[in-house]
Each structure stands twice: as C-alpha cells, then as structure tokens.
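Welcome! Here are a few exercises on reading a protein model, each followed by a worked solution. Have the picture open and take your time.

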Amino acid sequence: MTIRLPFAAFMLGMSLSLAAAAATPEQDLAAARPVIDKANADWVPALQAGDVHRAAEPFADDAMFILGNGKTYAGRAAIEDFLKERLTPGSKITGGTIQQDGIQVIRDGLIYEWGHGGTTKVDAKGESHTSAGLYLTVWQRRPSGQWQIIRNLNF
C-alpha cells in the first residue's frame with residue numbers, strides 16, 4: 001500500500017495538532033484559574049458599576065444562564081439583557097460576594113466550579129433586597145484556547 005506524501009504529511013500534522021490540544025488536568029486548571037478568579041472578582045464590581053457587558057464578558061456566545069426556578073437565558077446577549085432587567089432604573093447593586101467552594105477538571109478542556117454568593121440591591125424606593133444561593137458554573141476551553149463559561153446554574 002502506497003501513501004502519498006501530502007496525505008501522510010496531513011495526517012502527521014493532524015496527529016500533532018490533537019496531541020498539542022490535549023492538556024493534563026493540572027495544565028487546564030493552571031490555565032483556567034486566572035480567568036475564573038478574574039471573572040469571580042469582577043462580577044459584583046461590574047454589576048455595581050451597571051456594566052452588564054463587563055459582567056457577561058466571561059460567557060461564551062452560546063452560554064446558558066439557568067436560574068433556580070428553571071428560567072433559562074440562552075446566549076451572551078440574552079444574559080446581558082437579563083442583567084439589565086435586574087438593574088431596573090433607580091436601583092443599584094450595593095454589595096455582594098462570590099465564594100468558590102470547589103473546582104474540578106472533569107475532562108480535557110472542561111472544568112466545573114461551584115460555590116455560593118449573592119448580591120444586595122437597593123431599589124428606587126430605597127429598600128434593600130438581598131439574594132443569595134449556590135451556583136455551579138461550567139467552564140470550557142474553546143477552540144481558540146480561551147476559557148469561557150458555557151453553563152451557569154444558580155440555585
């Protein structure tokens with residue numbers, strides 16, 4: 001059987017590309033952790049500033065944001081719209097936290113993160129409202145190598 005040189009070169013290139021794309025769990029976690037930590041640290045300040053674009057920046061274009069009641073927002077644009085709705089005129093996010101309780105590499109390019117958090121909002125009447133709960137976030141290494149949220153569940 002004869003294999004043509006261009007085909008053999010193509011197959012070798014594909015094999016090397018696939019090998020280079022695979023990462024150990026430790027490598028994935030090391031690459032993803034700064035992105036995850038930045039997203040978590042920036043969430044509340046972005047909401048406090050009313051900057052929903054910045055708050056939604058870690059989400060992939062095809063991400064899903066799922067609330068505890070099952071309501072789902074599909075896509076980064078829908079997530080931004082949801083965040084805008086939460087920031088009704090005259091209201092302001094005055095505080096909040098995100099506390100990561102755990103993080104686990106599930107397989108090559110996929111990380112689960114879980115924890116708890118919440119926000120405090122003052123409405124147009126000056127009344128304070130706090131929402132808090134658990135979360136599960138799924139991060140994925142995209143083909144570009146960038147780590148993004150593909151699923152975010154709030155309980």
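A residue is called buried under 20% relative accessible area, exposed over 50%, and partly exposed in between (1.4 Å probe, protein chains only). This is a predicted model, in which local features need pLDDT of at least 70 and side-chain atom pairs count only at pLDDT 80 or more, while totals for chains, interfaces and linings use all residues. Residues are numbered from 1 along each chain as its sequence is written, and side-chain values use heavy atoms, with hydrogens and water left out.

**Exercise 1. Sort the partners of a salt bridge.**

Find the salt bridge of Arg 142 and Asp 62, and decide for each partner whether it is buried or partly exposed.

*Solution.* 
Step 1: Recall the term. A salt bridge is a side-chain nitrogen of Lys or Arg within 4 Å of a carboxyl oxygen of Asp or Glu.
Step 2: Check the distance. Between Arg 142 and Asp 62 it is 2.9 Å from N to O.
Step 3: Arg 142 sits in the loop between β5 and β6 and Asp 62 in strand β1, so the bridge ties together parts 80 residues apart in sequence. Helices (H or I, at least four residues) and strands (E, at least two) are DSSP runs, numbered from the N terminus.
Step 4: Sort them. Arg 142 has a relative accessible area of 19% and is buried, whereas Asp 62, at 47%, is partly exposed.

**Exercise 2. Follow two more bridges.**

*Solution.* 
Step 1: Count. There are six salt bridges in the structure.
Step 2: Take Asp 28 and Arg 141, whose closest N and O atoms are 3.0 Å apart. Asp 28 belongs to helix α2 and Arg 141 to strand β5, so this pair joins parts 113 residues apart in sequence.
Step 3: Compare their surroundings. Asp 28 is buried at 2%, while Arg 141 is partly exposed at 22%.
Step 4: Turn to Arg 54 and Asp 42, again with closest N and O atoms 3.0 Å apart. This pair links helix α3, which holds Arg 54, to helix α2, which holds Asp 42, 12 residues apart.
Step 5: Arg 54 is partly exposed at 26%, and Asp 42 is buried at 18%.

**Exercise 3. Trace the aromatic rings.**

How many aromatic pairs does the whole structure have, and which residues do ring pairs link into a cluster?

*Solution.* 
Step 1: Learn the rule. Rings of Phe, Tyr and Trp (its six-membered ring) pair if their centres lie within 6.5 Å; planes under 30 degrees apart are stacked, over 60 edge-to-face, and the rest tilted.
Step 2: Count. A search of the whole structure finds three aromatic pairs.
Step 3: Describe one of them. Phe 59 and Phe 65 are tilted, 5.9 Å centre to centre with 45° between the planes.
Step 4: Move on from Phe 65 to Phe 82. These rings are also tilted, at 5.3 Å and 45°, and they link strand β1 (residues 59–66) with helix α4 (residues 76–86).
Step 5: Check burial. Phe 59 is buried at 2%, Phe 65 at 3% and Phe 82 at 8%.
Step 6: Name the cluster. Ring pairs link Phe 59, Phe 65, Tyr 73 and Phe 82.
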